[in-house]
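Welcome! Here is a short tour of one protein structure, taken a few places at a time. Please keep the sequence and the 3D view open as you read.

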Amino acid sequence: MKTDIQIAREAELKKIDLIAEDAGIPEDKISTYGKYMAKVDSTLLDEKHDAGNLILVTAITPTKAGIGKTTVSIGLALGLNKIGKKAFVALREPSLGPVFGMKGGAAGGGYAQVLPMDQINLHFTGDFHAITSANNTLAALVDNYAYQNRNNENGLSSIVWKRVLDVNDRSLRNVITGLGGAGNGVPREAGFDITPASEIMAILCLATDIDDLRRRLDNILVGYKKDGSPFTVKDLGCGGALTILLKDALDPNLVQTTENTPAFIHGGPFANIAHGCNSIMATKMALKYGEYAITEAGFGADLGGEKFFDIKCRHAQLQPKASVLVATAQALKLHGGADEKMLKEENLGALKDGFGNMDRHVENLRKFGQSVVVCINRFPTDTDAEIALIREHCEQNNLPFAVNTAFGEGGKGAVELAQVVVDTIEKNPSQPLEFMYDLNMSIKEKVTAITKNIYRANNVNYESKANKAIKKLEEQGFDKFPVCIAKTQYSFTDDAKRPGAPVDFDLTVQDVVVNTGAELIVVIMGSIMRMPGLPKEPAAMKMDIVDGVIDGLS
């Protein structure tokens, strides 16, 4: 089969103004970026409209190779259009760090891609650059304030704001700034996060309009004064400057699929260190113009799915009509104890033993009131016997089931999935959302609600640093925000090497950080990294440009 970039290069793209016209978006409400990309004026969301059917695509606990949620999400949109439904997909933007690191591109795959994939995977419309610039402008202004007020009562006792880059660079996790003499600033320990981990990324994705964006930016906590009180962007006085840098990035991006259907791509927080969902505005834009809107949440349903419901849907008052749980035979075999190097070999025993992981995710989704459709993202190495065993298990447990082959067949390969989803929504739609916790609970009560009901942990242990942070947040009145747990995506536990559906385990909270602008309490479990490192053989080493054509981007 051809590579992703070969398929993308051979696709016949429509000009973006025609895509907008097909979607029903007024021509004067788009700003084009070249021939095939555009920004859509977010003020369109001020107009009243009937909401379409929102579908979440989530997954079982993934392998290091992933599950293929993006491919399934795009494929489902293609399949729905194949059966006569007007369906749009709303996805996150890829991060350059993983693109040049281990993962490669993140614009779907095969014949289920969003295009132009090379531009989407690289600089796109500049949203990530705007977020990085706003984040680092704030960092420079905070450091300057600390320097200018270092010898008076208005000075800062500590700075909590970090710089970011959209690069996997482990060397920048912990740095010392301000070295070289008094003229170069105040020396202090600092560090870098990756851009998707920036609070400004979360703010962009949770903002409902430019006024809400400005309000959230003003509320960002950047440090503490000498008297111990919080010091915010509003205190610093630079909220207007940050809003200016982000005003264009706030508008959702419009592109197209391999079958020329509209797609919104906007925002890109990771789900293991942030809330893992695309922007509220892009999702609402897909709902405004589509009969069906498909969106995804990062990694497994225990991370991205839970945050989608408890954070994004709660804030935006969204009500998904169904959730698609994506699985692969390889991931099920891994969770059933198969050797990671032998996952392409038929192993019905391991496959059956891996159902525990899938069943737990189904049970968890139903706790939120969701109607669940199980989708097997089929790979060429999957045998008919494996697929039959998965189908049999789903039928025995009254689970709607479909096989997705959109990677190799485009929308045709997702028609079965599309029809099962439509039937589920029409006959047994999701119930009103039931959140996992009440916002008035204490921080620890919220964490317990998630870890007991979603992860199945026995106990949660808090290191002294975390306990001190919680006490401080409670004293300052920052304890009523939703909880965003940062932990490994490869296990229900905080140990990446414990696949399957483990029980009788403890979790350890290393630290608790408040994002007062994004209005999130980030709870850090295990050895999670907010700045990834590069693998031994980065994907960047296989990329080149020959005669003006990009090669190796997949």
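## Helix H3 and what follows

Helices (H or I, at least four residues) and strands (E, at least two) are DSSP runs numbered from the N terminus. This is a predicted model, in which local features need pLDDT of at least 70 and side-chain atom pairs count only at pLDDT 80 or more, while totals for chains, interfaces and linings use all residues. Residues are numbered from 1 along each chain as its sequence is written, and side-chain values use heavy atoms, with hydrogens and water left out.

H3 itself covers residues 69-82, which makes 14 residues. From its first C-alpha to its last it reaches 19 Å, close to the expected 20 Å (1.5 Å times one less than the number of residues). Because 12 of its 14 residues are buried, H3 is largely enclosed by the rest of the structure. Buried means under 20% relative accessible area, exposed over 50%, and partly exposed in between, with a 1.4 Å probe and protein chains only. Among the buried residues of H3 are Lys69, Thr70, Val72, Ile74 and Leu80.

## Two cavities

How many cavities of 30 Å³ or more does a search of the whole structure find? The search finds two. On a 1 Å grid over the protein atoms alone, a cavity is a set of points where a 1.4 Å probe fits but cannot get out; a pocket is an open set with protein on both sides within 12 Å along at least five of seven lines; and lining residues have an atom within 4 Å of a point. Grid points are joined across faces, edges and corners, and a volume is the space filled by probe spheres set on the points.

The largest cavity holds about 50 Å³ of space. Its lining includes Ala197, Glu199, Cys484, Asn515 and Arg530, and the elements giving two or more residues to this lining are helix H7 (199-206) and S23. The second largest cavity has a volume of about 30 Å³. Thr70, one of the buried residues of H3, is among the residues lining this second largest cavity, together with others including Leu91, Pro94 and Ile265. Its lining divides into seven nonpolar residues, one polar and one charged. Here Ala, Val, Leu, Ile, Met, Phe, Trp, Tyr, Cys and Pro count as nonpolar, Asp, Glu, Lys and Arg as charged, and the others, Gly among them, as polar.

## The second largest pocket

About 1,200 Å³ of space lies in the second largest pocket. Of the 37 residues that line this pocket, Val160, Lys162, Lys465, Asp511 and Val513 are the closest to its centre. Which element gives the largest share of the lining? That is S22, with six residues.

Other elements that each supply at least two lining residues include helix H20 (464-475), strand S12 (221-225) and strand S23 (520-525). By class, this lining has 19 nonpolar, seven polar and 11 charged residues.

Lys333 sits in helix H13 (residues 329-335). Is Lys333 buried or exposed? With 1% relative accessibility, Lys333 counts as buried. A polar atom of its side chain lies 2.7 Å from the backbone oxygen of Leu343. Beyond its neighbours within four places in sequence, Lys333 has contacts (heavy atoms within 4.5 Å) with residues including Leu343, Glu345, Glu346 and Glu386.

Thr132 belongs to helix H6 (residues 127-148) and is buried as well, at 12% relative accessibility. Its side chain reaches the backbone oxygen of Phe128 at 2.8 Å. By contrast, Asp227 is exposed, with a relative accessible area of 63%, and lies in the loop between S12 and strand S13 (230-232). The side chains of Asp227 and Ser229 are joined by a polar contact of 2.6 Å. A polar contact is a pair of N or O atoms within 3.5 Å; within protein, one must be able to donate a hydrogen and the other to accept it, and residues adjacent in sequence count only if both atoms are side-chain atoms.

## Backbone details in loops

Leu115 and Pro116 are joined by a cis peptide bond, with omega about 0°. Pro116 lies in the loop between strand S6 (112-115) and helix H5 (117-121).

Asn260 is not a glycine, yet its phi is positive, about 65°. Glu519, in the loop between S22 and S23, also has a positive phi, of about 60°, without being a glycine.
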